[in-house]
Amino acid sequence: MQRQILYFTMSCVLSLTTRIYAATIHVPADAPTIRAAVDLALDGDEILLADGDYTDPDDRNINLYDRFITIRSASGNAEACNVGNNECCSSILRIRRDSAGLTRIEDLTIRGRLEIGDQSFGNPNTCRSTIRGCIFRGAQAALDIEGLEGDPTIVDCLFTENPNFSPLLIQREAKPLVINCRFLGNDGGNAGAAQVLHGANPTFYNCEFIGNTSSFAGAIWLRFTAYMTLVNCTFVQNDAPCIWVGSGNTGANILNLQNTILWNNGFEFPPVTETYQILLDTNDALPSIVNAHNSIIEGWTGTFGGSGNNGTNPMFVDVDGDDDILGTLDDNTRLAAGSPAIDSGDNQWHQCIGVDLDNNARFEDDAATADTGAGVAPIIDRGAYEYGANPIMLSDCNNNLVDDECEISLGLADDCNNNLVPDACEMSGNDCNGNFILDECDLAAGTSFDCNSNGVLDECDIASGFSLDCNENGVPDECDIANLDSNDINTNGIPDECEIDCNSNGAPDDYDIDTGFSPDCDGNNVPDECDLQPALQPIDFEWSSPALDDSDDCDSCQLGDINLPWDVTISGQTFVAFAMSADGYVELLKNGESSYGYGEGEVDDLTEEGDPDHTYLMAAYDDLSSDYGGFFGYSILTDRVVFTWLTETYDDEEDGDFNFFQIVLYDDGRVQWNFYFADFDDYDYDLFSGIYLGGDARQLKEIARETIPEFESWLLADSGRDCNLNGVPDSCDIGSGFSNDCNSNNTPDECDIASNNSTDCNGNGIPDECEPALADCDNDGTLDVCEPDTDNDGVPDDCDVCDGADDNLDSDNDGMPDACDGCPLDAAKANPGACGCGVADIDSDGDGVPNCFDLCPNDPNKIDPGACGCGNSDADNDGNGIPDCFTLPAQQETPNTNTNDNTSDNSNMNDNTNDDDEMTTPLCGMGMNMGMLTAMMTLAGLRAGRRKSGRRRAAGHRR
């Protein structure tokens, strides 16, 4: 038997999981602009930019607020891939949240602003993105890092040729790592190549500042209670002061210098002094501090204290490079042989970054130089470069130049499984729910489960379709059943609560049918008792005139308890009153009941935890009312009550988004829903349209959930499937022969008759249209046996031929009953006519005298032979009293040459006189013989007889 299973829709669940394999989107091949590519990308995808200039408006102002993708040059050549157009303050990209450190921007030349982190409204957002191999060049091209949790890693980047603006801005408690970056030939305006402000706390490793200018601090300005650490950095020939610590009135700034070189800064104002290298502002309210260790500071006097510091020339290879121009790419601050910076640093200050600015080994011993630094050999050099260093392989899975273990120990990367590998490096294929926490850590933390022990999180089993979760409780169905949290009485692997249970007895319908608990006589896999329940169905859109007579001026207002003008029965339950709520529902009340008044919430709260014995008509049940605007009310009409809501959703507040819908309750138990328009923003609860039948029914019939239809109408009415109310579906009554369906309209004949859809005038239980053998003489749809028959002859009055007589007596079968037939034995005549019954009134020659009286029936000019006989005229043209037929032509004397002529003429004469056998002797001079007189008398009598006969017929023969 086909099973009926109810599944909940999971149309978008698969989108919850991240993909094991990232996609690559090429610009412009796959997407014309960067923004278009970002719109296409999913978390973990990579966007590759072809070499070229990206200056389209859609290549700027791109927000990666919650996107975790990589954007980089396809060629790896940042010089060949330019993004932005050097416009003042033009933002290129904004990265706000990236707690797992999965967003990377690599190998691009940025000619605008790249913004990382956010301190908006005091809400910190963790941001651990990586910016690697990028060049910030042009008018106000800058990297702006801010926010309490703004902890990105900036690696191998070049900041150069930026006029009148600091190309690096670190503020608002941000704590980035800046590794192996070069700052060459920038004009910071009044703030230096880098600004560190407002509680920021960055750490710079192996960075180089050469030839930067500013009206205040050539390289770095540290102010507004900022904290900064410089490890193995090199500052050469920047404007004085090279680093300004303080100003901004608040003070309390701290600068840590470790293994760092500041040399010949402020060279344009000889002699170069210690204060040209570092200016410690003493005018702030709180004092600032410089902590220097194992650093070379030109003009060193010991003012800043610390240990291992000196002012000895570090001996660079070629500060201004082959082009003899400061602040260009060929500037070379690598250490020359014999430099006092070689093997003279302190190993403790450089623990996590295992390379120098050339990405060679950071700890390299020079055999020709005595170790004067601190720590276990090899001793680190001072400055950005390690003398004589060789390439080295790092444990650096995320390629940010930070040793993985050290990155974890500093809190710059998560390691939830404690395997000393940053979680971001293990995320691919191990984060099925896309929450950027390794699946094994979700399990260990108890935030996710694997109830079927298949090594996959339950939510991922469900999202992928491997497991079903029909009750949407986040637990695979097989686990609900195994744990006895759900029943599976039919053992089909589906929790019973997810299968159709139309009779609400706790068992799936197919189980009821299979076990014989419920009959299914028509084999439609629905228990017969459910076939007979009221049905909810869409109808053509309708709208009833509403009466909005009560202002919706409060949240969850209610009108009730209000008596109905008539009792109404729905699904066997009778209701006498109602209560209407502003929250989009009507509560129907039985005799003696009072409204529950639950208000907004989940539908289950209303129908289960509330009062499941009550019945609710729900047009759009949720917290739809607000005290800002809208109306609701009802109209009680003769045969219906119209409930109408025009209400503003609570969550919309004063936005003016209204919803217009109504319920119509008819006195015969029909319920109609009309939805006009909707503009709904989901609130916290369970938006539901339909009906909950409480009491013994306990059924929830649904129109829509989590939405409000528009321009739709729905009707709940009797199913119409048990018209004779015998508890058996009509189709089964017909199929079993219990009821007939002669007109094949799927309705038992007795119901057609009872509902007046068919007539049964003879009361034999058969619709009249199904009795074609019975006559309907006037074709009016009523059988003859049911029509009035005054003379009881079996012929309806409307079809009677002979009123008052028996129409069925017709001896000659001519269609005229004998009582009205003047010739009852002559089938050809209904009255005697001129010639009488049995003789036809034929007038062959059309002279008006029937043949029966016409002595010349074939001569239209004569009714009597006359003197000359039929066919001959009796004319006397010469008036001699002798018809022309008897007048001889005049005699002429002719030569008698033929003795036989007279004989011939006499013969002709004799022939003429014998034309009519009845005339043998001419009656000359009489003008009329007796035959003619007799014929005329007969004709006169015939005509009189015809007139009399016609009157009889008119009086006695009504058709």
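## Structural briefing

A search of the whole structure finds 20 salt bridges, a salt bridge being a side-chain nitrogen of Lys or Arg within 4 Å of a carboxyl oxygen of Asp or Glu. The model is predicted, so local features need pLDDT of at least 70 and side-chain atom pairs count only at pLDDT 80 or more, while totals for chains, interfaces and linings use all residues. Residues are numbered from 1 along each chain as its sequence is written, and side-chain values use heavy atoms, with hydrogens and water left out.

**Salt bridges**

- Arg137 forms a salt bridge with Glu79, and their closest N and O atoms are 3.0 Å apart.
- Arg137 lies in strand 12 (residues 135-137) and Glu79 in the loop between strand 5 (70-73) and strand 6 (81-83), so this pair ties together parts that are 58 residues apart in sequence. Strands (E, at least two residues) and helices (H or I, at least four) are DSSP runs, numbered from the N terminus.
- Arg137 counts as buried at 10% relative accessibility, whereas Glu79 counts as partly exposed at 36%. Buried means under 20% relative accessible area, exposed over 50%, and partly exposed in between (1.4 Å probe, protein chains only).
- A network of salt bridges links Glu79, Arg137 and Glu161.
- The side chains of Arg640 and Asp639 also meet in a salt bridge, at 3.0 Å from N to O. Arg640 is partly exposed at 23%, and Asp639 is partly exposed at 28%.

- Eleven strands form an open sheet in the order 1-2-5-8-11-14-17-20-23-26-29, with parallel pairing. Two strands pair if DSSP finds at least two bridges between them.
- Strand 1 (24-27) and strand 29 (289-293) are the edge strands, each pairing on one side only.
- Strand 11 (residues 130-132) and strand 14 (residues 153-155) run parallel and are joined by three bridges. Arg132 stands opposite Val155 in strand 14.

**Nonpolar cores**

- The largest nonpolar core has 65 residues, of which Ile71 and Phe204 touch the most other members. Such a core is a set of buried Ala, Val, Leu, Ile, Met, Phe, Trp, Tyr and Cys residues joined through side-chain atoms within 4.5 Å.
- Apart from this core lies another, of 38 residues, including Phe578 and Ile703.

**The whole chain**

- The secondary structure of the protein chain comes to 14 helices and 45 strands.
- Of the 959 residues of the protein chain, 48% count as buried.
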